[in-house]
Amino acid sequence: MPSDPLQLSAVEIVAAVRSGDLTATACTEAFLDRIARTNGTLNAFLCVDREGALARAADIDARRRAGRPLGPLAGLPVGVKDALCTADLPTTCASKMLAGYRPPYDAEVVARLRRADAVIVGKTNMDEFAMGGSNENSAFGPVANPWDTSRAPGGSSGGSAACVAADMAPVAIGSDTGGSIRQPAGLCGITGLKPTYGRVSRRGLVAFASSLDQIGPMARSAADCALTLEAIAGHDPGDSTSLTDAVPDYSRMLDKPLTGLRIGRVPEHFAAGLDPEVARGVEEAFAVFRELGATVHDVRLPHAHHGIPTYYLIAPCEASSNLARYDGAHYGYRAEPGGGHRAEPGGGHRAADGRDADATAAFESPLVEMYCRSRAEGFGPEVKRRIMLGTYALSAGYYDAYYAKALRVRRLIRQDYLDAFESVDLIGGPVSATAAFPLGEKTGDPLAMYLVDMYTVTANLAGVGGISFPCGFTAGGLPIGFQLQGPALAESLLLNATDRFQSLTDWHRRRPPLAV
Amino acid sequence: MAAAPSPADVASPGSFTTIIGLEVHVQLQTATKLFCGCPTTFGAPPNTQVCPTCLGLPGSLPVMNRHAFDLAVRAALALECTIAPFTKWDRKNYFYPDLPKGYQISQFDLPFSSDGFLEVVDPKGAFSRRVGIIRVHLEEDAGKSMHDEAAGTADSRIDLNRAGTPLCEIVTQPDLRSPQEARAWLNELKLLLVYLGVSDCNMQEGSLRVDANVNLHIPRPDGSVAKTPIVEIKNMNSFRSVERALAYEAARQWEEWQATGRELGSAPKQTRGWDDPAGVTRGQRHKEESSDYRYFPEPDLVPVRVSADDLARARAAMGVPPAGLRHMLAERWSISAYDADVLVNQGRDLVAYFEELAGLVGEGKVASNWMQQDVLRTLNERGGTIDAFPVRPPALADIIGRIAAGDFDTSRGREIFAEVLASGRTVADVVSSLGIAAVDDDALDVLCRELVAANPKIVADVQGGKEQAAAGLIGQAKKKNPNVNPGKVRAKCLEIIRGL
């Protein structure tokens, strides 16, 4: 076993801490030092809790020395996406609106991590309110991809993906509304699992689109994801949508042979738009699965091509409602009175004659001015765009044409999956059409940015699970991601298949040549 | 658009029908809120009964309070509604400073119940009205804005203690035809809900709020009917206010129609606020009128299923509703519908008291008279509830029984009642301490002979055919012995006089 904790898997760290070969303190220090050296380059963490993490590690070490019981993640450093509430650390959702906001409670997943004796080292960067596919929508600056710092890590859990890829933490927690775990995992060359909707409690996850949001683990391997998922999954009476099914022992089922496993391949995934290098990597991954005893069959997801428009109606509709609470009055960013009004054009509150000299005069009252300006100044452009899209689509006269129709298509997409899983056990394919793209490439073109989720959104719409992991590299040295999707509650099988793939390949062991 | 009516078209004053529908919000009597575990106690210091969920903090999630749902089902069943086997929650999106999430969790297109009715019958027979219930649904309450305009600061303060409190919204068909009916119907609804244990319906504490929709149907000479624009009245703080506001509004619409001839459909529905001290409704500048709530299914909650077992349990918890109880009492105890109404309207505990009393006395009418003339009057004077009333049914039955046995008369019985009430002593104790003892026949005979002998004038009058003159003897007998039974004295004296 290498002595450098940074080189250990999560499974190895937990075992070493338990056996006493490694102290939680030494492990935590190693990762904190790594964060200190690399975060300036990557901007993966919005906040690092050195003191809290070391205190936690010291406590775990003391308990181990005293022979007291330790949790299943004892001593494991974890980065947590800044969309999850932490009572001892700010929770900002990478938005100016929540800059410095400190929730009075821990998210259920954070509480479970703590109970499992994980060591939360900090909060990871993300697209503002999880809206985006490149991490460039963060109010606190983009994250750089560790494989090429001029490129985006993907999003919205870009900080979580980058921190694992760059060895700043062996495990990170992400959230996935339309691909926000799987796509950045794919672009950063790590393993990321979006569980079945309801498998992991959403309580304390700052809501983007409640019917689609799901929290999941991001790590270097399926085995590490399995270990983490065991700790965070399970019924939470505080989340009405959380599933009551028992949590299987994912780790024990990892090495089951794949003989006879039927993997579906969707021909439409290989249509125009898919980068040839990515296509080749994905086809090679299918070959690996065949080598493992699986069979590959063409399946149809006839409505999958409606996924993006459907998603970009349902998610903004829910977001427009979920984000209505940020009014500057109770918590979060508040615009001071008398400042220049910076509402976007068309915001409806501009003085009729266009004069800005007396901005307040354009408002009904100072209170209304505070509300309007707090939202105008606190939210970034993508968040505003989605609030407006959602508000529009839910409005009287448009509801049936947009939201109601999107719900009907969503049911068809769900049915597609049910039908497909009649004939195959899992569905494989690309995570995203290209490898990591340059920072700034899509920021001026929201529609192009929306398309980065085209292979991932359907799993969220159907509520099923998906996992993404590296299956090769481009000639330029960028990771290529492979995605497996399964029926509801097939996390065991997704992790098992990925682990078997990783037993035959070493793409997931590659480390970025990061200059720091 | 209809032209202004010519004088010939205008019906004579007062010849219109008032059409009234009500929207009632009732706070359910639960210990905790609808979607979190915070208490619902009234009057706590501001913002002390709150948690991340009812404050709408980021990441918080609602979890339905099943007890609240069960109470609402109980109410809907008592309102004869159909209960949906499958119901869901919706978000009603609107911005208001005391609505912390920016939306209210409510029910839109699939309310848990619909299509019921509640009948109100005037005990004096003035009207009898079966009012259709369009729907009953559940929703969470908002917080409270308190506008402090003292010292010119015009500060507004928000108290979120009430945010998330369970509310039942009951929407009626426009079936009521007068302000009096509306008030009587509200009284009946309140009585029902209190009987069910669903709500305390305390308007002062905001447990019951009423909005009313009203317009007039005015028959024209040609047989057609003119309908005035519907007005929604808000801010009514008592059932009396509802009655007054509706009466005012009906008169106002009549005048307005005569002046303008404006009919339904010519203008959007108007909202007017009731100004109680001034006794008028005033038009409100109401943005919500054109508001679009952008309802959509609440993704944070799962749909609710109601099984046959759930319904059976709700029915079992209902008990007999007031209307049924009125019939039952009238029949079981042979009392008038009016008497049964008076008793039932006082609430379930008083009915229980009455039934215990009537059972002990073995007769309903006497028990009912004592309830109305003595128990209720005393309760009204003293305040307090029937539960805490010091004279319990066995004691009162004891008094009534002694009167029936001829131990003493009713007015003497009242004195004993008052003394038991004041002292808390037993009836027997009071009877003996007041020196009340049955007067035996021999003693009565002696007393009456003395009186006849001492009053020749009265005797002569009686013999002359004026039997009522015997009353003078009764007064004297009571002076000599307060325990005598006046009826017996009279009978005995007449008997003696006839035998002279």
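Chain A is assigned two domains, domain 1 (5-264 + 425-504) and domain 2 (307-401). Such bounds come from an automatic or database domain assignment. The model is predicted: local features need pLDDT of at least 70, side-chain atom pairs count only at pLDDT 80 or more, and totals for chains, interfaces and linings use all residues. Residues are numbered from 1 along each chain as its sequence is written, while chains are lettered from A and ligands numbered from 1 in the order in which they are written.

The C-alpha centres of domain 1 and domain 2 of chain A are 31 Å apart. Their contact takes 28 residues from domain 1 of chain A and 22 residues from domain 2 of chain A. Two residues count as in contact if their C-beta atoms, placed from the backbone, lie within 7 Å. On the domain 1 side, α13 (446-450) and α14 (457-462) of chain A are the elements that give two or more residues. α14(A) gives the most, with three residues. Helices (H or I, at least four residues) and strands (E, at least two) are DSSP runs, numbered from the N terminus. By class, the domain 1 side divides into 17 nonpolar, eight polar and three charged residues. Here Ala, Val, Leu, Ile, Met, Phe, Trp, Tyr, Cys and Pro count as nonpolar, Asp, Glu, Lys and Arg as charged, and the others, Gly among them, as polar.

Now the sheet. Eleven strands of chain A form an open sheet with mixed pairing, in the order β1-β3-β2-β4-β6-β5-β10-β11-β9-β7-β8. β1 (45-48) and β8 (295-298) of chain A stand at the edges with a single partner strand each, so one side of each has no neighbour in the sheet. Neighbouring strands are turned by 30° against each other on average, direction ignored. Axes are lines fitted to C-alpha atoms, for helices over the stretch in contact, and angles run from 0 to 180 degrees between N-to-C directions. Strands pair if DSSP finds at least two bridges between them. β2 (residues 77-81) and β3 (residues 119-124) of chain A pair in the parallel sense over five bridges. There, A:Lys81 has A:Thr124 as its bridge partner.

Seven of the seven residues of β11(A) are buried, so the strand is largely enclosed by the rest of the structure. A residue is buried if 20 or more other C-beta atoms lie within 10 Å of its own, exposed if 12 or fewer, and partly exposed in between, with C-beta atoms placed from the backbone. In a regular strand the side chains alternate between the two faces of the sheet. In β11(A), A:Pro479, A:Gly481, A:Gln483 and A:Gln485 are buried on one side, and A:Ile480, A:Phe482 and A:Leu484 on the other. The hairpin of β10(A) and β11(A) has five residues between the strands, and A:Gly477 takes a positive phi near 85° there.

Helix α15 (residues 491-504) of chain A lies across β5 (191-194), β9 (426-430), β10 (466-473) and β11 (479-485) of chain A, running at about 15° to β10(A). A:Leu489 is in the loop between β11 and α15 of chain A. Its phi is positive, about 60°, although A:Leu489 is not a glycine. With 17 C-beta neighbours inside 10 Å, A:Leu489 counts as partly exposed. A:Cys93 also has a positive phi, about 55°, and is not a glycine. A:Cys93 sits in the loop between β2 and α4 of chain A and counts as buried, with 34 C-beta neighbours inside 10 Å.

Helix α4 (residues 108-115) of chain A has A:Glu108, A:Val109, A:Val110, A:Arg112 and A:Leu113 buried. Their cover includes β2, β3, β4 (171-176), β6 (214-219) and α7 of chain A.

The largest nonpolar core has 155 residues, and A:Val78, A:Leu113 and A:Val164 touch the most other members. Such a core is a set of buried Ala, Val, Leu, Ile, Met, Phe, Trp, Tyr and Cys residues joined through C-beta atoms within 7 Å. Helix α7 (residues 222-232) of chain A contributes the largest share, eight residues. Domain 1 and domain 2 of chain A each supply at least three residues. A second, separate core of 72 residues includes B:Leu71, B:Leu79, B:Cys81 and B:Phe112.
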